[in-house]
Amino acid sequence: MESGPAIFAGTAFTLFGAALLLWTGARVLHRAPVAHGVRPAASITLATLSGVVFLALGVWCLGRI
């Protein structure tokens, strides 16, 4: 009963983190801006770091089940 919210949260965090990393990688590969009005190095770093954190949080939530 208590594992339902953990499964939902873990799945949501994992999917969001993976999608953010995939989107960031595609933008970098095509040399398109990741965020408009921000230095490219800063936006790539922040987006990649956020994707890794969300992915790790999702794996942690799913591992707690």
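H1 and H2 are roughly antiparallel to each other, a label for angles over 145 degrees, where under 35 is roughly parallel, 65 to 115 roughly perpendicular and the rest oblique. Before I go on, this is a predicted model, in which local features need pLDDT of at least 70 and side-chain atom pairs count only at pLDDT 80 or more, while totals for chains, interfaces and linings use all residues. Residues are numbered from 1 along each chain as its sequence is written, and side-chain values use heavy atoms, with hydrogens and water left out.

Back to the helices. Helices here are DSSP runs of H or I with at least four residues, numbered from the N terminus. Two packed helices are described by the angle between their axes and the distance between the axes. For H1 and H2, the axes come within 7 Å and cross at roughly 155 degrees. Those axes are lines fitted to C-alpha atoms over the stretch in contact, and angles run from 0 to 180 degrees between N-to-C directions. The crossing of H1 and H2 is left-handed, that is, the near helix is turned anticlockwise from the far one by less than a right angle. Sorted by class, the contact of H1 with H2 has 17 nonpolar, 9 polar and no charged residues. Nonpolar covers Ala, Val, Leu, Ile, Met, Phe, Trp, Tyr, Cys and Pro; charged covers Asp, Glu, Lys and Arg; the others, Gly among them, are polar.

Now the rings. How many aromatic pairs are there? The count comes to 2, with rings of Phe, Tyr and Trp (its six-membered ring) pairing if their centres lie within 6.5 Å; planes under 30 degrees apart are stacked, over 60 edge-to-face and the rest tilted. Phe13 and Phe54 make a tilted pair, 5.8 Å centre to centre with 35 degrees between the planes. Phe13 sits in helix H1 and Phe54 in helix H2 (residues 40–63), 41 residues apart. Phe13 is partly exposed at 26% relative accessible area (buried is under 20%, exposed over 50%, partly exposed in between, with a 1.4 Å probe and protein chains only). Phe54, at 29%, is partly exposed too.

Phe16 and Phe54 form an edge-to-face pair, 4.9 Å centre to centre and 85 degrees between the planes. Phe16 lies in H1 and Phe54 in H2, so this pair ties together parts 38 residues apart in sequence. Phe16 is partly exposed, at 43%.

Last, Ala19, which belongs to helix H1 (residues 3–29). Ala19 is partly exposed, at 43% relative accessibility.

How values were computed:
Helices (H or I, at least four residues) and strands (E, at least two) are DSSP runs, numbered from the N terminus.
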